[in-house]
Amino acid sequence: MKKEYIIPIFIPHGGCKRQCVFCNEYAATGLKEFPERHKLEEEYNKYKQYFPEKNNIYIAFYGSTFTALKEKEMKYYLDWADEKIKKNEIKGIRFSTSPEEINYEKIKILNDYKISVIEIGVQSFFDDVLKHSNRSHNVKDIFNAIDILDKNNYSYGLHLMTGLPKSTFEKEIKSAEILSKTNAKFARIHPTVVLKGSILEEYEKNNKYNPESLEEAIKKTSKMTIKIEKENIKVIRLGLCLYGKEINNVYSGPYHKSFGDLVRTNINRYILTYLKDDLKIPKSMKSQFIGFKKRNKDLINENIFYDGICIKYKNKSISLADIYKIIDKKIED
Ligand code: SF4
């Protein structure tokens with residue numbers, strides 16, 4: 001698949017009706033205001049100059065409930081991006097929003113634009129978790145949004161979180177299983193990190209919330225990723241994405257700048273542990289399997305690497321999704 005280059009434009013808390021307990025977009029992005037035209041252009045040019053190829057660029061509006069912006073504001077941003085599409089500078093538009101803000105009225109507006117992907121903040125498929133996280137939607141809203149997007153042929157990605165108030169490992173695994181049965185194009189999974197200025201920071205200071213440890217978050221997220229990817233839905237991002245000095249806004253919790261590498265290393269550890277006697281891995285994937293800071297070195301036997309191009313299990317080529325199907329069962333046994 002051709003690499004997609006994303007220009008993220010943050011509209012901090014735009015359209016948000018409440019503050020979700022884990023969120024402080026001002027801290028996460030360092031921005032205080034909605035970006036105006038000159039700022040949009042500045043960000044656009046800043047990102048574009050770094051891209052080695054300029055023919056698969058997308059503008060993505062993040063940090064807000066995009067479809068809950070006032071219609072005039074939403075169209076202001078969409079029209080700006082649309083100008084770039086008309087000039088053939090970008091391929092399409094993406095944005096993130098909350099499920100209850102996907103309805104037929106909003107779809108009617110979106111149909112006038114080239115929307116490539118809509119990212120939906122699901123976070124959990126359990127009402128008690130959503131309620132205690134101060135989300136503005138419930139599980140019914142999620143299924144309603146998915147149904148509308150499916151019926152209108154929109155491509156969408158779904159976000160899940162671990163470690164939210166009232167959540168449990170079982171609920172998180174179940175959420176991953178439910179997501180894996182949707183038509184989502186991709187998923188993102190974020191462990192809950194306590195940001196300064198968030199409601200969770202107060203909860204933690206008052207002993208009402210305990211963040212999960214980094215090791216717990218890696219374990220949960222690994223299993224969720226296996227559940228989702230075995231159904232051929234790619235998990236494109238693991239862990240919170242913070243830029244530059246915004247890392248200083250983390251109060252506590254399982255933040256690690258290489259969280260995704262840690263999870264992928266752990267998944268490969270499961271593969272090496274449970275399947276290694278029947279496995280042949282292409283040499284080109286060796287460093288991936290040895291993993292982050294060589295964490296899996298103790299499980300590596302040089303004989304499992306070979307000169308081919310695909311992973312073999314019991315002497316037959318096998319897809320990663322099929323390996324995950326086997327691993328998923330073994331972990332549960
Ligand atoms: S998580 Fe999304 S919906 Fe919740 S406050 Fe943050 S930007 Fe708004």
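Two strands are said to pair if DSSP finds at least two bridges between them, and this definition is needed for the first view of this predicted model.

**Figure 1. Strand 10 and strand 12 pair in the antiparallel sense.** Strand 10 covers residues 279-282 and strand 12 covers residues 312-313, and two bridges hold this antiparallel pairing. Within the pair, lysine 280 stands opposite lysine 312, the latter belonging to strand 12. Both strands belong to an open sheet of four strands, whose order is 11-10-12-13 and whose pairing is mixed. At the edges of this sheet are strand 11 (305-306) and strand 13 (316-317), each of which pairs on one side only.

**Figure 2. Strand 5 and strand 6 run parallel.** Six bridges join strand 5, made of residues 156-162, to strand 6. Along this pair, leucine 158 stands opposite alanine 187, which lies in strand 6. Strand 6 itself spans residues 186-191, and because five of its six residues are buried, this strand is largely enclosed by the rest of the structure.

**Figure 3. A shell of residues surrounds the ligand.** Around the ligand stand His13, Cys16, Gln19, Cys20, Cys23, Glu25, Gly63, Ser64, Thr65, Ser98 and Gly121. When the residues of this shell are sorted by class, three are nonpolar, seven are polar and one is charged.

**Figure 4. Domain 1 and domain 2 meet through a set of contacts.** According to the domain assignment, domain 1 comprises residues 5-257 and domain 2 comprises residues 273-332. The contacts between them involve six residues of domain 1 and seven residues of domain 2. On the side of domain 1 that touches domain 2, one residue is nonpolar, one is polar and four are charged. The C-alpha centres of the two domains, domain 1 and domain 2, lie 32 Å apart.

Figure 5. Taken along the principal axes, the C-alpha atoms fill a box of roughly 60 × 50 × 40 Å. The radius of gyration of the protein is 21 Å, which agrees with the value near 20 Å that a compact globule of 333 residues would have. Of the 333 residues in the protein, 39% are buried.

Notes: Residues numbered from 1 in each chain as written. Predicted model: local features only at pLDDT ≥ 70, side-chain atom pairs only at ≥ 80, totals over all residues. Domains from an automatic or database assignment. Contact = placed C-beta atoms within 7 Å. Nonpolar A, V, L, I, M, F, W, Y, C, P; charged D, E, K, R; others polar. Near = placed C-beta within 6 Å. Rg over C-alpha atoms; globule rule 2.2 N^0.38 Å. Buried ≥ 20, exposed ≤ 12 C-beta atoms within 10 Å, placed from the backbone.
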